[in-house]
Amino acid sequence: MADNEDQLQSLDELAAEGDEMDLAAEAGFEEIEALRAERDELKDKFMRALADAENMRKRSDRDRREAENYGGSKLARDMLPVYDNMRRALQSVEDSDKEANAALLEGVELTMRELISVFKKHGIDPIVPEVGDKFDPKLHQAMFEAPVPGTKAGEIIQVAAEGFMLHDRLLRAAQVGVSSTPA
């Protein structure tokens, strides 16, 4: 019988060891699940950081392009009165004065062409409305309205100053007079 008791005790010990192993396995599974959850959380954080970095790269590329294209807009805007004054100077010369001031006029014309060339090089394009064109508030600024016979309301009747675009943005609207003749 002692043999049976020894066997029973051995079985009890084995059962206790099995219970301990089950507890250890259960603790191992819990640890594995905790590690998986931590891995998933870190993976999510990594993916978010990667997306943030990509968004920052795209944003900085866009900001760089905008700075490249539109960074000089203040200088360009400040140069427009120079263009206007040179244009007015060339338009105000009488035919009788052209011969006497030929060299001066040629210099002003060459300077004007160079200014236009620099404008083109930097993406500054003139908006040159014609008398009779339809008024467009996106491109034109109405300086005055007047009823002019033979015109329709909203037609340009006079161009006071050309407008300019910097790439696809309005730098300065063309200044025009608009007909107010009722239809």
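Predicted model: local features only at pLDDT ≥ 70, side-chain atom pairs only at ≥ 80, totals over all residues.

Me: Which residues form one aromatic cluster?
Reply: Y83, F119 and F164 form one aromatic cluster. Rings of Phe, Tyr and Trp (its six-membered ring) pair if their centres lie within 6.5 Å; planes under 30 degrees apart are called stacked, over 60 edge-to-face, and the rest tilted. Residues are numbered from 1 along each chain as its sequence is written, and side-chain values use heavy atoms, with hydrogens and water left out.

Me: How many aromatic pairs does a search of the whole structure find?
Reply: The search finds 3 aromatic pairs. In one of them, Y83 and F164 sit edge-to-face, with 5.2 Å centre to centre and 90 degrees between the planes. That pair links distant parts of the chain, as Y83 is in helix α2 and F164 is in strand β4 (residues 163-166), 81 residues apart. Helices (H or I, at least four residues) and strands (E, at least two) are DSSP runs, numbered from the N terminus.

Me: Are Y83 and F164 buried or exposed?
Reply: Both Y83 and F164 are buried. Buried means under 20% relative accessible area, exposed means over 50%, and partly exposed is in between (1.4 Å probe, protein chains only).

Me: Why is the pair of F119 and F164 edge-to-face?
Reply: The ring centres of F119 and F164 are 5.7 Å apart and the planes are at 75 degrees, so this pair is edge-to-face. F119 lies in helix α4 and F164 in strand β4, so the pair ties together parts that are 45 residues apart in sequence. F119 is buried, as is F164.

Me: Back to Y83. Which side chain makes a polar contact with the side chain of Y83?
Reply: That is the side chain of E162, at 2.7 Å. A polar contact is a pair of N or O atoms within 3.5 Å; within protein, one must be able to donate a hydrogen and the other to accept it, and residues adjacent in sequence count only if both atoms are side-chain atoms. E162 is in the loop between β3 (156-161) and β4, and E162 is buried, with a relative accessible area of 10%.

Me: Nice. Now holes! How many cavities of 30 Å³ or more does the structure hold?
Reply: The structure holds 1 cavity of 30 Å³ or more. On a 1 Å grid over the protein atoms alone, a cavity is a set of points where a 1.4 Å probe fits but cannot get out, and a pocket is an open set with protein on both sides within 12 Å along at least five of seven lines; lining residues have an atom within 4 Å of a point. The largest cavity has about 40 Å³ of space; grid points are joined across faces, edges and corners, and a volume is the space filled by probe spheres set on the points.

Me: New topic: which residue lies over the face of Y70?
Reply: R169 does, at 3.8 Å from the ring centre. A charge sits over a ring if NZ of Lys or CZ of Arg is within 6 Å of the ring centre and within 35 degrees of the ring normal.

Me: Last one: where is H167?
Reply: H167 is in the loop between β4 and β5 (169-172). Phi of H167 is near 60 degrees, a positive value in a residue other than glycine. At 34% relative accessibility, H167 is partly exposed.
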